[in-house]
Amino acid sequence: MNILFNENSKQFHLYNEKFSYIMKILEDGELVNLYFGSKIDDNEDFSYTILTQSRAMAIYSPENNHKYNFTTLNREFPDYGTGDYRYSAFEIEQENGSRITCFKYLSHKIFAGKKPLENLPATYTENDDEAMTLEVTLQDELINTQIILSYTIFKDFSALAKSVKFVNNSEEDLFLNKALSMNIDLPDSDFDMMNLSGAWSRERQINEGKIRHGYQGISSTQGTSSSEQNPFISLRRPNCTETSGEVYGFSLVYSGNHIEQVEVTPHGLARVSVGINPLFFKWHLCAGESFQTPEAIVVYSEDGLNGMSQTFHKLFRTRLARGPWRDKERPILLNNWESTGMNFTEQQIVDMAILGKDLGVELFVLDDGWFGGRDDDKRGLGDWYVTDFNKLPSGIDGLAKKITDLGIEFGLWFEPEMANPDSDLYRNHPEFIIQAPNRKMSLGRNQLVIDFSNPKVVDYIYDMMYKILSTSNISYVKWDMNRYISECYSLNLPADKQGEVFHRFVLGVYDLYERLITAFPEILFESCSSGGCRFDAGMLYYAPQAWTSDDTDAVERLKIQYGTSMLYPVSSMGAHVSATPNHLTKREVSFKTRGDVAMFGAFGYELDVTKLTDEEKAMVKEQIAFLKENRKLLHQGDFYRLVNPFKNKDCAWAVVSEDKKEAIVAHYQILMDANSLNKFLKVEGLDESQKYTINSGEKLYSGKELAKIGIPLTFNDTCTSDTDFTSHVFHIKAEF
Ligand code: DGJ
C-alpha cells in the first residue's frame, strides 16, 4: 500500500495489493480521475486516459485550451454551473445569490494512518501502518473557501474511505445546498447496478438491473437510512458472479437521509455519487465555519460479489465496530417481545429467565412495556424513569437483580428518540418535539419524534438513561426507533438553519450513543428500528449488532439475511428463533430450520420457552450448545453466499475459517420440486488440496471435490431434503 505523488505529471497514485486509484491535477488545477480498477504498476504519466477530442457543444477547462472538455472529463468533485452538465457533488449558495463556484487544486498532504471524523462514525486504524491518507485541498479564490477531499487506502482491505470537508474562510456566510461525500466518474457504463430495497419486515431485498443512459439512483427521505433503500449500491460487470468478476461497492457510513446515484452520459461515462440527500438539506456555513460530510466506503473486488461482501464484512466488523464487544462472542439471548408483547408480569419474566438459563441462554432481554402505564403503544414513551410497578413490583433494578442472580445477564429496551403525546416528557416539554409552528404534528405508531437536533434535549434523555443504566445491573440495551420523521422543523433553530434539522437530528443520535457507550463501555448495544429500518454502517460504529427484521419467519429471513449479507457481517445481524406459526406469515416451519437460519446471525430466541414441548427444549439445548461451540467461526469466518433465494427455490451459504480448516455450510430447501434431479451443493472457499470430513463422517472429500462436485443433497445417507422449508447444516472439518 502506498500513495505516490509525481511532481512532474502532477499525478497521485493510491494503491494496495488489490487496486489502483489514480488522479491528476490539470494545468488549471482541476482534479480529475485517470483510473480506478485492478492494481497496476506505477507509470510516470497516465494522462493518456483522458479523452481529449473536441466535442460540439462542450465547454472546456481551461476555456482557451480545447483539450479538456467538461463533457467527458472524469472529475473528482464536480460542481454544476461552469459547463459540466452532469449532476454535481455539491452546491454552495453565496450571499449575492450566485451558486457558481470554481474550485481548483491548492495543496495536498499525505500521511500514514487515518484521522477520525468530527462527531461522525467512520472506519479507523489501530496502527498508522494499516492505512495511508491523502488530503487534497481545492480552493475557490473568489469566496476564499476550501474543499478538503480525503482518501484513505487500507493495506489489508480492498477499500477506499472517502469524505469531504468544506471550510469557509471568507467573511461572508454561505449555504451548502448539497454536500455529497464522494464522486467517482467511471470511464464506461457497462455495469449492472444492485441495491437493497424493501419495507418494514421485508428489508434489504436484492434489486438489480443494467444501468441505462440518464439518471438513476436510490435515496431515503424518511429522516433515517430506512428500510426502503439501504445506503449501498454496487456496480458490477455483466459477467460478474458471486465468485468472479469485477464489482465496485459503495456504502455510506450514515444513518440519515441519503442518496446514491449513477448518471450515465450520452457518451457512456458513469458518474457515481453518494452522500447526504440534498432534499430538504441546506446548511448555513457561517464565515469561519466548516462542514464535515459522512464517510463513504468504496470497495473494489475482482473476486465477484462474495469478494466485495467479505471486504465490507471484515472492514465493518474489525475497523468500524468498536469497543469491548467488537471481538467478544455475542451472548445468546432470550427476548420476550414476540411472546408477551407489553402484557407480562414480573413472575412470567422471571420464569422465562429461569428456564432460559437452564437451556443455556446467557442474556434475558426485557422489551417494550416496562415503563409508565405502557400496556399499549399509546403512552409512556419518553418517561424512562417511570417503571411500571404494577407489572414489575421489584422495579427494573429488582428485576435485573433477580435475573442476574440466576447467573445470566439482563438487557433492557429503550426508544430514546420518541415520545407519546401521553407522556410526562410531552406534557412538561412540548417544545422538545420535532414540529413546525402552527402545523399539525403527524403521529406514527401513536408517537412523536423528539428533537435530537437540540443538544439540550439530548442531555435530558441522556440523564434519564444514565440514571437507569447506572442503578440497575444492565449489560445490554436494545435501542429502537419506531417511526420516521415528518414535519421536520426544530423550534430550537432559527429560520436560516431549518435545512440542517435532518442532519443535526442524526448528529444528536450519534452524540447520545457516543456518550452512553463511553459511560457504559461494557454494555452491548443492539440497534433496532421497527426491525431493520435503520440497519446501516453508521449504526455499527456504536452498536455492533442490529435487529435485522421484525419478520422472524425463517423462510422470509433467508432473503432478508441473504440481502443484508451483501455488506453487513453475520455478527451484526440479530437473528432469533421465534414461535410457529409465525406471527406475520402464519407459516409453520420446523424448529430445526428456524434454528439453522438464525444461527447465521447474532443468535437468540424470541418465544415463550415455558410453552415449549420437551422435544423442543431438547432442541434449544442442542442449538445453544452448537452455537456456543461455533459462534466464533460463524461470526468471524469468511461468509460465502452459495445459492440465491431470490432466483431459486432453495438457498445456501457457508462460513469458512480463515485457515480454511473448518466450515459450516447450510442449505435450505424452500419449496420442493417433484421428480427432480439429484442436487449437489458446491462449496466455495475451501482449500482445494485439503481433505475434509462432513458432519464427522468417515468419508473424506477433497476441497476441490466439494467445490466442483459439491455435497450431495438428495441421495445417499448424507441427507434428504424431502419437504418444503427443510434445512441441513454441514460441519466440514479438515482431516488434520
Ligand atoms: C419494534 C422492534 O423491532 C421489536 O422487536 C420490538 O422491540 C417492538 N418495536 C417494541 O415496541
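A nitrogen atom of the ligand sits 2.6 Å from a side-chain N or O atom of Asp 480. This is a polar contact, that is, a pair of N or O atoms within 3.5 Å. The model is predicted: local features need pLDDT of at least 70, side-chain atom pairs count only at pLDDT 80 or more, and totals for chains, interfaces and linings use all residues. Residues are numbered from 1 along each chain as its sequence is written, and side-chain values use heavy atoms, without hydrogens and water.

One is 2.6 Å from an N or O atom in the side chain of Asp 367. A polar side-chain atom of Arg 445 lies 2.9 Å from an oxygen atom of the ligand. The protein covers 98% of the 290 Å² of accessible area that the ligand has on its own (Shrake-Rupley method, 1.4 Å probe). The shell residues divide into six charged (Asp, Glu, Lys, Arg), four nonpolar (Ala, Val, Leu, Ile, Met, Phe, Trp, Tyr, Cys, Pro) and three polar (the others, Gly among them).

Now the backbone. Most residues other than glycine have a negative phi, and most peptide bonds are trans. Thr 580 and Pro 581 are joined by a cis peptide bond, with omega about -5 degrees. Pro 581 lies in the loop between strand S29 (573-578) and helix H10 (591-598). Helices (H or I, at least four residues) and strands (E, at least two) are DSSP runs, numbered from the N terminus.

Asn 446 has a positive phi, near 60 degrees. Its loop runs between helix H5 (424-428) and strand S25 (448-449).

Notes. Polar contact = N/O pair within 3.5 Å; in protein donor to acceptor, adjacent residues only side chain to side chain.
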